Amino acid sequence: MEQEINWLDRISSTAEYIRKRVGEMPRTAIILGTGLGDLVNHISVKMALPYEEIPHFPVSTVEGHKGQLIFGRLGDKYVMAMQGRFHYYEGYSMKESTFPVRVMKELGIKMLFVSNAAGGMNPEFKVGDLMMITDHVNLFPEHPLRGKNYPELGERFPAMNEAYSKRLIAKAREIARDHNIRLMEGVYVGTQGPTFETPAEYRFFYRLGGDAVGMSTIPEVIVARHGGMEVFGMSVITDLGGEDIAPDVSHEEVQQAATKAQPIMTFIMKELINRCAE
Ligand code: HPA
């Protein structure tokens, strides 16, 4: 068995460092995944902590990605935002890639908002659509809760019957209705990547019950739920696979589609946080 790192000590020393530097802590956190990068421009920043300065924090491997924790006001809500996340496909272990979410819980975060890019499999979806995540299928090869369970962090066998908050989903539906926004809903299938799917894999994931497929989010959501946070997730549909089609998709196309959908994604998240966050 792997030598167990004492995660409790690491989490508390990281949290202590952040508290000392920042002072008062928010109750709401946002992981600025694809489609939400621009949300940072709506935050009036009180403090930004580069990941390199935070003890025990992983460091982003993706070039040109600024990795930092941001604290500030979004509308009238005080929030913390992760600019840059740690994907499993980059080589981090599950424990490393979800470490920031553990620290969030230790800091007193109660609600987590997260976004990603995903391939759409539901035949009603179009490129550029937004999909609220109502549920997920976890196909990652390693589980973030595998190994010693610390009761201080959560229970050994947590339920996942409401991984994504029904209350927040209902609110987001209301926002979309009020503003005439096309907002899809569905099941997110999470795979390790970094390859996009083969035609047979898109077909398989669709038949399995998936509406969209991507390479992130599920580990962080599991850890957030383990820690009792309320979670809301949204995908930008950047390409379309499914029963009879498989895209010849590239990272550039994904980025382009996400950039286009970004203003609406940002609007919904901001509005949702303003209506629901503490
Ligand atoms: N598959 C997996 N991850 C993705 C996709 C996809 O088609 N599009 C964006 N992220």
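## Strand β1

In this predicted model, the side chains of β1 are divided between two directions: Thr28, Ile30 and Leu32 point one way, while Ala29 and Ile31 point the other way. In a regular strand the side chains alternate between the two faces of the sheet. All of these β1 residues are buried. The strand covers residues 28-32 and is described as mostly covered, with five of its five residues buried.

## Pairing of β1

β1 pairs with strand β4, residues 77-83, in the parallel sense, and five bridges link the two. Within β4, Gln83 stands opposite Leu32.

β1 also runs parallel to strand β5, residues 111-120, to which four bridges join it. Here Ile30 has Phe113 of β5 as its bridge partner.

## The chain as a whole

Seven helices and nine strands make up the secondary structure elements of the protein chain. Its radius of gyration is 18 Å, close to the 19 Å from the globule rule for 278 residues, so the chain is as compact as a globular protein of that length. The C-alpha trace spans about 50 × 50 × 35 Å along its principal axes.

Of the contacts between residues at least 6 apart in sequence, 83% join residues at least 24 apart. Buried residues account for 54% of the 278 in the protein chain.

## Surface and charge

The protein chain has an accessible surface of about 12,700 Å², and carbon and sulfur atoms contribute 49% of that area. The chain carries 30 positive and 36 negative charges, whose mean positions are 7 Å apart.

Definitions and conventions: Residues are numbered from 1 along each chain as its sequence is written. This is a predicted model: local features need pLDDT of at least 70, side-chain atom pairs count only at pLDDT 80 or more; totals for chains, interfaces and linings use all residues. Side-chain values use heavy atoms; hydrogens and water are left out. The radius of gyration is taken over C-alpha atoms; the globule rule is 2.2 Å times the number of residues to the power 0.38. Buried means under 20% relative accessible area, exposed over 50%, partly exposed in between (1.4 Å probe, protein chains only). Contact means heavy atoms within 4.5 Å. Accessible areas come from the Shrake-Rupley method with a 1.4 Å probe; for residues, only the protein chains shown count as cover. Lys and Arg count as positive and Asp and Glu as negative; His and the chain ends are not counted. The place of a charge is taken as NZ of Lys, CZ of Arg, CG of Asp or CD of Glu. Two strands pair if DSSP finds at least two bridges between them.
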